[in-house]
Amino acid sequence: MCTKTKIINKFKSTIEKNNLIEKNDTIIVGASGGPDSQFLIYLLNEVKDYYKINIVLAHLNHLHRLDASEDEKLVEKTGEKLGFKTFIDHKSMDDYAKKEKISAENAGRILRYDFFRSIKNKYKNAKIAVAHNKDDQAETVLMRIIRGSGLDGLRAMDYKNKDIIRPIMDFTKSEILKFLDEEKISYHIDYTNLETDYTRNKIRLEMLPYIQDNFNSSISESIYRTVNILKDSKEIIDDVTNFKYKKLVNQENGEYFIDVNLFEREKKSVKRNIIRKLLIELNGSNQDIRMVYIDDIIELLDLKNGSQYVFKGYSFFKSYDKVIIRKNLNNKKNQSVKFELGEISFGDFKINSYLTENTNVKPSRNKMIFDSKILSNNLFLRKRKNGDRIKLKGFTKKVKAVFIDNKIAQIKRDNYPILSDEENVYAILSLKRSNLYMKNDNSKEVLVIEVTYEK
């Protein structure tokens, strides 16, 4: 069997083993003009009829190198030769990095994937194929070890991650270059890959060769096997985490709740995985989720009632036997609004008020009844203030104490509408009303205020 046939069979095996491509898919190839990218493009061309796929090339010129136009020309030429539709755009990764205050390397990655997805959205059944190889995987693992990654990070890159596929991850760089040379396929070398300005380049050019020369000549293969073992182990851990997560974390009306008593019975490793899963759900990805955040939140569960921790726009709040997690509210929103009949939204509540001559209407916690004479006052809805008191039958009580008696978490208290005028608190809507303007036998008309929770 010739080398080309072996390579193609190995390529198809990777695709099928990892379910990367289905018939009639459109594959958007991240085409850089480099050897890995050209290798991927030509292999996809070899199997396009077998899988009945549509191949599209996407090249983003980062305007970072003087010879970047040569990459662009090669991608155009490759597209023309193979008959593939080719999209090309130009965006400066250096300008974007400066604007967003991030590294140029990260800026380039963000711009590339935004560009790829803008093309993907033009097609049905589309996937983005990128040309990471086995050596890239080894570099990624070493880089994450240096940065102090957890188990998820050490699993490194997956063959498939949502809309991204990596079909040549089973090939080493030497295999790729040998195939390109034998098949006389042109490629362009990015000279910035030969500079040691970036961490990944230092690992590629200095660390890996040193390990290969002095410790293990097959380090990439060894790391590859280790990654696969870690992936298998992670599947078991994920199964346990998902099972425990469903028992300990509840979601209702846009908020999350952790049962403190049940959570405290778990081993620390389980606790960490549960919190990590929650943070990924809140964050939308595992990016920038550090162990210190996870441990800080676990520590919160041991702290006194009322303790709080903020993570990326979410507040974790210890409230009695629960930790409540909710998106932070804009404190300036709905500080005070004039009370008027009809519908009003306040925080997470929808308030509907009306007058009726049916004085027999039954009150409830979410339906408060007042004598209509209350409307002679300058009423408004506002958030609670320090020192607020509400008049009850025979005594007054601090509004704070009402919240405490009803076990309302502090994080939620600012969200409750207070019905008041300049002097009196008439109600904490949906919680407690005062004894002022009570309906009585002389009432000819009553004000009904109904409250529903919108979230």
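A: Two strands count as paired if DSSP finds at least two bridges between them, where strands (E, at least two residues) and helices (H or I, at least four residues) are DSSP runs numbered from the N terminus. The model is predicted, so local features need pLDDT of at least 70 and side-chain atom pairs count only at pLDDT 80 or more, whereas totals for chains, interfaces and linings use all residues. Residues are numbered from 1 along each chain as its sequence is written, and side-chain values use heavy atoms, with hydrogens and water left out.

The open sheet has 6 strands in the order S3-S2-S1-S4-S6-S5, with mixed pairing. Strand S3 (85-90) and strand S5 (160-161) stand at its edges with a single partner strand each, so one side of each has no neighbour in the sheet. Within the sheet, strand S4 (residues 126-129) pairs with strand S6 (residues 164-165) in the parallel sense over 2 bridges, and isoleucine 128 stands opposite isoleucine 164 in S6.

Helix H2 (residues 35-51) lies across strand S1 (26-30), strand S2 (54-61) and S4, and runs at about 160 degrees to S1; axes here are lines fitted to C-alpha atoms, for helices over the stretch in contact, and angles run from 0 to 180 degrees between N-to-C directions. Helix H3 (residues 68-82) also packs on the sheet, touching S2 and S3, and its direction makes about 165 degrees with that of S2; contact means heavy atoms within 4.5 Å.

Helix H1 (residues 3-17) packs on H2 at an angle of about 75 degrees, with the axes 10 Å apart, and the two helices are therefore roughly perpendicular, a term that covers 65 to 115 degrees. Among the residues that meet are Ile7, Ile8 and Phe11 in H1 and Leu40, Leu43 and Val47 in H2. The residues of this contact divide into 11 nonpolar, no polar and 4 charged, with Ala, Val, Leu, Ile, Met, Phe, Trp, Tyr, Cys and Pro counted as nonpolar, Asp, Glu, Lys and Arg as charged, and the others, Gly among them, as polar.

Helix H8 (residues 173-182) has Ile176, Phe179 and Leu180 as its buried residues, buried meaning under 20% relative accessible area with a 1.4 Å probe and protein chains only. They cover an arc of only 95 degrees around the axis, which puts them on the same side of H8; the arc is that of the directions from the helix axis to the C-beta atoms. The buried residues of H8 pack against H1 and H2.

Note on methods
Parallel < 35°, antiparallel > 145°, perpendicular 65-115°, else oblique. Buried < 20%, exposed > 50% of the residue type's maximum accessible area, 1.4 Å probe, protein only.
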